Amino acid sequence: MKSDITKENIEEYMTLQRSSSFCDYCQNIQPPRAYHCASCNACIMGKQYHCAALGFCIGENNQIHYLNYLFVSIVMCTYSFGSLVLAQMLSGNF
Ligand SMILES: [Zn+2]
Ligand SMILES: [Zn+2]
């Protein structure tokens, strides 16, 4: 049986074996720090968690956008609630 592992590439092969694992779902080599998501049916790099509300995974490619989204949501909630309280106070209902 012919193998493609030679004395020259054995080091590289061993590194790949150590750092990577095989994803049974994707039928592909999974890079280090990647995790398979059953909902997205894909391996996500640096996966943190699957956001059910948004319908996709938060990984290292989109986490900055997700944090931005969270920040804007919090600011907008505070703003709208604050305006509501202020409007009530100004009209003397408080
Ligand atoms: Zn996968
Ligand atoms: Zn996902």
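Helices (H or I, at least four residues) and strands (E, at least two) are DSSP runs, numbered from the N terminus. Read from the N terminus on, their order is α-β-β-β-β-β-β-α.

Some housekeeping before the tour. Residues are numbered from 1 along each chain as its sequence is written, while chains are lettered from A and ligands numbered from 1 in the order in which they are written. What you have open is a predicted model, where local features need pLDDT of at least 70 and side-chain atom pairs count only at pLDDT 80 or more, though totals for chains, interfaces and linings use all residues.

**First stop: the whole chain**

Show all 94 residues of the protein chain: 4% of them are buried. A residue is called buried if 20 or more other C-beta atoms lie within 10 Å of its own, exposed if 12 or fewer, and partly exposed in between, with C-beta atoms placed from the backbone.

**Second stop: a hairpin**

Now select residues 34-37, strand S3, together with residues 42-45, strand S4; the two run antiparallel and are joined by four bridges. Two strands are said to pair if DSSP finds at least two bridges between them. Click on Ala34 and look across to its bridge partner in S4, Met45. Then try His36, whose bridge partner in S4 is Cys43. Four residues lie between the strands of this hairpin, and Asn41 there takes a positive phi near 55°.

Move on to Glu60, in the loop between strand S6 (56-58) and helix H2 (63-90). Is Glu60 buried or partly exposed? Glu60 counts as partly exposed because it has 13 C-beta neighbours inside 10 Å. Leaving aside residues up to four places away in sequence, Glu60 touches Met45 and Gly46; contact here means C-beta atoms, placed from the backbone, within 7 Å.

**Last stop: helix H2**

Finally, select H2, with its 28 residues. From first C-alpha to last, H2 reaches 40 Å, close to the 40 Å expected, where the expected span is 1.5 Å times one less than the number of residues. Why does H2 lie largely in the open? The number of buried residues in H2 is zero, so the helix lies largely in the open. After H2, stop at Gly92, where phi is positive, near 80°.

Note on methods: Contact = placed C-beta atoms within 7 Å.
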